Amino acid sequence: MITTSSCRILLRTATGIGGRHALKALVARGGSSPSSFYSSLGSKPTKAFYPSNISQKNQQVVFKSALPIEEDPIRSDYDSSAIYSGSDACDKAGISSLGITGPKVIYKNQTFEELFRHEVKNNEGKVANAEYGDTFTVDTGKFTGRSPKDKWIVKNIGSDSDANIDWGKVNQPTSPEVFDELYEKAINHFNTKEECYVFDGFCGANPKSQRKIRFVHEMAWQQHFVTNMFIRANHESDLQGFEPDFTVINACSQVNEDWKRHGLNSEVAVVFNVEKKCAVIFGTWYGGENKKGIFSMMNYWLPMENPPQLPMHCSANVGKGGDSALFFGLSGTGKTTLSADPHRALIGDDEHGWDEHGIFNFEGGCYAKTINLSEATEPDIYRAIHKDAMLENVALKEQGGKLVPDYFDTSKTENGRVSYPITHIDNYHKPQMAGHPKNIIFLSCDAFGVLPPIAKLTPEQAMYHFISGYTAKVAGTERGVTEPTPNFSPCFGAAFLTLHPTRYAELLKEKLQKHNAQAWLVNSGWSGGAYGVGKRMSLKITRGCVNAILDGTVDNTTWEKDPVFGWELPTSIPDVDASVLHPRKAWSDPKEYDTAQKNLVGMYVKNFEKFAGKGDVDYTQFGPKV
């Protein structure tokens, strides 16, 4: 038996995720107006189509306006929902080929309303009375961040992945035999269950490199999470013939008791098999493992496209004139906050690609940190927390007989999160693609208080700092991190790079040279002293620096060259105290700053030794001087 919603909206069906892209391309290239396009739909039913079906010439254009050219379908009209029941439920849901045949009820691509009812019925969390609407809240137990030491990739000897993956601490190898045991364990677990949740969706707004992704989950909130974070189908019929490029089987309630025999790190296991196009998850309930696992796969797939595409751990937005910008940085550096700009349209907050036509989002939603969140400081994110969003590891307090989120209570974790569909941002960029970026911003959270709030980089310096990827691991983003820790993360995303960092660096170099983009370093970390002595840069200061870059006012200032780092520092930025712009002046004792600077420079130099002589150019000469 199959039950689906009986009422569909033709307009929504015809202008789904892919349909909107095609419509934007048609209008931007001088085709029919939106109204005439809609009229043609009314006379002839049109099946929703996806970016992968759009002709190559229409796949991407430079959109000159950040403003919408037509209204999106009503959010609650998203519906590719199906419920399969009976002995052939797994066949109908497409998971029997995985070996999962036990469940008699499969909830596939449930609507937000249906997921909410399941979450409440299953007692999977609590309903928080957020200011802009009730929001479901979950607690992921002891795992409130990723567990990178428990991530493994199968080393299939002689395979393409064996030859291309950068094996080491990030991409830890395990054997096909271990994967097969864990796979069987996951399948056996799901075969004991009466029901489960299946989500079929997409990763990547670019039709040329878009991937079809399937998730098999135990709980409704997990399907809710991936529904928020990945690109959704608008109608069940859009998924006919869906053959996943990759499948994630999440058996989070189970642990791997044989981890010592398997040579793994703990009873937690997140294991990817590239050739079998499948991953299994054990022992961690953290939602981010789902999203970041697929991001790692995109980092493997895209550079090997023809021509190669650059996957990036960055956020992106676009101005009304079509000027796009990228914000590189690790968790906690401000990617999500700074890209959510009321004067610009958001493309995405975390994962993007860059090809020969421009940039594009990988995801369909945002995953923002909630620590110290307020409407005054981060209005877009604060207002996005309402129905359909989901809070993760956020403290709740009783207030007036209701449970209210307390974003300032970090007793559980400093890595409290909210996931929400990108449509919750009022001025999101509906095409989810834009032209080549004008500005590229490297965000760093400097725990030593040495780096300036803003610095202008030469193209060669940009390469050095992209490969270095200096920041600090911010408390709570990874298991075991309780305070900021110095961290050099190549490409500002080493944890997700499946290939050698220089592969991505060479791609960025080509993009910078070809499209004449300006690179900047923006420090959202400490000023006036190291962590524990100085103060964290206020959002006002960081936002002021970013605004000056994006609106061009930074071009009106004068510049001074830093004698150690070699980059240029502005003498003034609107609404930013000039004393902060030169970090040495912000310290009460300049000699202590000099000592801290010398220590940090030494770390830069030592870290870069492993990249010396790699690639076409040795960028060591463009780093700081000892």
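Reply: E218 is buried, because its relative accessibility is 11% and buried means under 20% relative accessible area (exposed is over 50%, partly exposed in between; 1.4 Å probe, protein chains only). The model is predicted, so local features need pLDDT of at least 70 and side-chain atom pairs pLDDT 80 or more, while totals for chains, interfaces and linings use all residues. Residues are numbered from 1 along each chain as its sequence is written, and side-chain values use heavy atoms, without hydrogens and water.

E218 forms a salt bridge with K193, and their closest N and O atoms are 3.9 Å apart. E218 sits in the loop between β9 (211-217) and α8 (220-229), K193 in the loop between α7 and β8 (195-203), and 25 residues separate the two. A salt bridge here is a side-chain nitrogen of Lys or Arg within 4 Å of a carboxyl oxygen of Asp or Glu. Helices (H or I, at least four residues) and strands (E, at least two) are DSSP runs, numbered from the N terminus. K193 is partly exposed, with a relative accessible area of 22%.

Helix α7 (residues 176-190) also carries K185. The side chains of K185 and E257 meet in a salt bridge of 3.1 Å, N to O. This pair links parts 72 residues apart, with E257 in the loop between β10 (246-251) and α9 (259-262). K185 counts as partly exposed at 25% relative accessibility, and E257 as exposed at 55%.

By this rule the count of salt bridges comes to 22.
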